[in-house]
Amino acid sequence: SQWELAQPLKVRNYRLLWVGSVIAMIGSNLTMIAFPWLVLKLTGDSLAMGAVLAVTGIPRALFMIFGGALTDRYSARIVMICSSWVRMILLLLLAYLVFSHAIEMWMVYIIAFIFGIVDAFAWPASTAILPKLVPVSLLPPANALMQGFSQISVMLGPVLAGLLIAGLSTGGGDDSADLPGIAMVFFIDGCGFIVS
């Protein structure tokens, strides 16, 4: 029932994780739209967009085993906090570079690569921490809440990103018209990692 589903939220540490995770998930789905949009604005080339996604995905796949080992050896909480701080710094830097029109593609590639490495450590930590926060009997509803809001964020994040980028667009036909909205998406996502 819905009351059983809400039981994990009575556990303070789970509630804090859940709120932080929901904010981070929505922010990540905002960025999932803004990042390719930025690449297309800078290059107009869909191949460059694919290259950026590969530059993010390859280190994520290569370093995931190290992320899991580090999480096992140390604290999942510490790994999550450190990765959130790195993501926040990267996103705020990206927001500044985009807003000031100083962004160049080589910067995008470097930031994408670092994001891939950070994700390789953050993902194992985020899955390892849940069983430490709630009793075994609450794991099914705790997982359901996380996964349910993950799916909602997949729908909500892109809509919010599109509205922000369109709403803050300066208009006109030049390639920089959407940059203020893209910068704002990165800024909002970066601020979300402060909370998470």
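How many aromatic pairs does the count come to? In this predicted model, the count comes to three. A pair of aromatic rings is described by the distance of the centres and the angle of the planes.

One of the pairs joins Trp-18 and Phe-149, whose ring centres lie 4.8 Å apart with 90° between the planes. Planes over 60 degrees apart count as edge-to-face, and this pair is edge-to-face. Trp-18 belongs to helix H2 (residues 12-43) and Phe-149 to helix H6 (residues 139-168), so the pair ties together parts that are 131 residues apart in sequence. Trp-18 counts as buried because its relative accessibility is 15%, and buried means under 20%. Phe-149, at 30% relative accessibility, counts as partly exposed.

Phe-63 and Phe-66 form a tilted pair, because their ring centres are 6.1 Å apart and their planes stand at 50°. Phe-63 and Phe-66 are three residues apart in helix H3 (residues 46-73), which means that about one helical turn separates them. Phe-63 is partly exposed at 29% relative accessibility, and Phe-66 is partly exposed at 49%.

The next topic is how two helices pack. The axes of helix H4 (residues 76-99) and helix H7 (residues 179-195) come within 8 Å and cross at roughly 160°. Angles over 145 degrees count as roughly antiparallel, so H4 and H7 are roughly antiparallel to each other. Their crossing is left-handed. Residues of H4 in the contact include Met-88, Leu-91 and Phe-99, and those of H7 include Ile-182, Phe-186 and Phe-193. By type, the residues of the contact of H4 with H7 are 15 nonpolar, two polar and two charged.

Terms used
Residues are numbered from 1 along each chain as its sequence is written. This is a predicted model: local features need pLDDT of at least 70, side-chain atom pairs count only at pLDDT 80 or more; totals for chains, interfaces and linings use all residues. Side-chain values use heavy atoms; hydrogens and water are left out. Rings of Phe, Tyr and Trp (its six-membered ring) pair if their centres lie within 6.5 Å; planes under 30 degrees apart count as stacked, over 60 as edge-to-face and the rest as tilted. Helices (H or I, at least four residues) and strands (E, at least two) are DSSP runs, numbered from the N terminus. Buried means under 20% relative accessible area, exposed over 50%, partly exposed in between (1.4 Å probe, protein chains only). Axes are lines fitted to C-alpha atoms, for helices over the stretch in contact, and angles run from 0 to 180 degrees between N-to-C directions. Angles under 35 degrees count as roughly parallel, over 145 as roughly antiparallel, 65 to 115 as roughly perpendicular and the rest as oblique. A crossing is left-handed if the near helix is turned anticlockwise from the far one by less than a right angle, and right-handed if clockwise. Contact means heavy atoms within 4.5 Å. Ala, Val, Leu, Ile, Met, Phe, Trp, Tyr, Cys and Pro count as nonpolar, Asp, Glu, Lys and Arg as charged, and the others, Gly among them, as polar.
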